[in-house]
Amino acid sequence: MTMLKTLLITGCAGFIGSSLVEKIVDDYQIIGVDEFNDYYNPLWKEENVKNFLNHPHFKLYRTDIRDYQILEEIFRQNKIDKIIHLAARAGVRPSLKDPLLYEEVNVKGTLNLLELSRKNQIKHFIFASSSSVYGNQNKVPFSETDPTDQPISPYAATKKAGELFCRLYNENYQIKMTCLRFFTVYGPKGRPDMAPYLFTKAILNGEEIQKFGDGQTQRDYTYIDDIIEGINKVIEKEFDFEIFNLGNNNPVSLNDFIKNLEEITGKQMQIKQMPIPAGDVVKTYADIAKAKKLLGWQPQTNFKTGLEKFVAWYKNNRLLNMSS
Ligand SMILES: NC(=O)c1ccc[n+]([C@@H]2O[C@H](COP(=O)([O-])OP(=O)(O)OC[C@H]3O[C@@H](n4cnc5c(N)ncnc54)[C@H](O)[C@@H]3O)[C@@H](O)[C@H]2O)c1
């Protein structure tokens, strides 16, 4: 009988974390950590974990990654092989309002986990970084070797700091490290502070959306299943230290986004024009040659198909439940 590997997955009740656990829980022992905070409705996070909460391979710790002592206890109680660190404060705009909180969770929380990885001889650490580390650079697509020293939000700076600490722990303590720069992830269970959710909600309820800028801004929207496939490939394949872009390699303008959503729903969007907020980058666009070459990863879902799936999920899971 082969022993299953044990993964510690932080942020396991969130959008990406719960989608990941759901996909791989048959193949690994999973220790999930999440504080179920109220950045958005915690009941939805309870919903997210329902499908695997009682799975024999899954154990949940409801705790805060800022609490070193509790984390230490989790490492004492479990023999962990790899860490997939997804827990974070994940909003760009809110980070401008509360940078101290973002620093505490995203930097100190990450450092807590890295320290415990060192003390417990963890072999492989996977860190959720973000396309926001590229800031407002003109050169597209963004490749992993491009400069990332001009963040324009506290969130981006915390993600860059996380990458630097990962680098340090690789260099000094030989922990294998993979940093994944996700590009605007969307799909079922998607976050309610992000455009796919906000716009779908508004158009289906006949409410107005706030449209920031003239609609020329672009995002490289990446479907959740593709992101999960990318993380899964990294779990299976260790590198000494690597950073990978995981993006769709096909940016969509805000105007095209709205057009697609109007076609899918058969409704017209009501728009309130707003200036582009501070912290928002103009464009994101992933060069994914490295992930293709080293991971054999290739996103499969084009934007319109993904958005159709998201709208269908929204209608079934949120429209009937107006607590949003
Ligand atoms: N969704 C995206 O488009 C995107 C893009 C780039 C990077 N990321 C990164 O991917 C990761 C997952 O993002 P997501 O979209 O699933 O966000 P999410 O907010 O849905 O999930 C994050 C989870 O972490 C938990 N968490 C937050 N602070 C915690 C703490 N102090 N202790 C324990 N748990 C805590 C939250 O309760 C939540 O369930 C984050 O690190 C985020 O920065 C996401």
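**A friendly note on the sheet, its helices and the ligand shell**

1. S4 covers residues 82-85, runs parallel to S1 and is joined to S1 by 4 bridges. Two strands count as paired if DSSP finds at least two bridges between them. Strands (E, at least two residues) and helices (H or I, at least four) are DSSP runs numbered from the N terminus.

2. Before going on, please keep in mind that this is a predicted model: local features need pLDDT of at least 70, side-chain atom pairs count only at pLDDT 80 or more, and totals for chains, interfaces and linings use all residues. Residue numbers start from 1 along each chain as its sequence is written.

3. Now look to S2. Strand S1 (residues 6-10) pairs with S2 in the parallel sense over 5 bridges, and Gly32 in S2 is the bridge partner of Ile9. Why is S2 largely enclosed by the rest of the structure? Because 5 of its 6 residues are buried, where buried means that 20 or more other C-beta atoms, placed from the backbone, lie within 10 Å of the residue's own.

4. Step back to see the whole sheet. It is open, has 7 strands in the order S3-S2-S1-S4-S5-S6-S11, and pairs in parallel. Strands S3 (58-62) and S11 (241-246) stand at the edges with a single partner strand each, so one side of each has no neighbour in the sheet. From one strand to the next, the twist averages 15°.

5. Helix H6 (residues 154-173) packs on this sheet, touching S5, S6 (176-182) and S11, and its direction makes about 160° with that of S5. Touching rests on contacts, meaning C-beta atoms, placed from the backbone, within 7 Å. Angles run from 0 to 180 degrees between N-to-C directions, using axes fitted to C-alpha atoms, for helices over the stretch in contact. Helix H8 (residues 224-236) lies across S4, S5, S6 and S11, at about 170° to S6.

6. Finally, visit the ligand. How many residues surround the ligand? There are 29, and the closest are Gly11, Gly14, Phe15, Ile16 and Ala88; being near means having a C-beta atom, placed from the backbone, within 6 Å. Helix H1 (15-24), strand S2 (29-34), helix H5 (99-119) and strand S5 (124-130) each supply at least two residues of this shell, and H1 gives the most, with 3.

Note on methods:
A residue is buried if 20 or more other C-beta atoms lie within 10 Å of its own, exposed if 12 or fewer, and partly exposed in between; C-beta atoms are placed from the backbone. Two residues are in contact if their C-beta atoms, placed from the backbone, lie within 7 Å.
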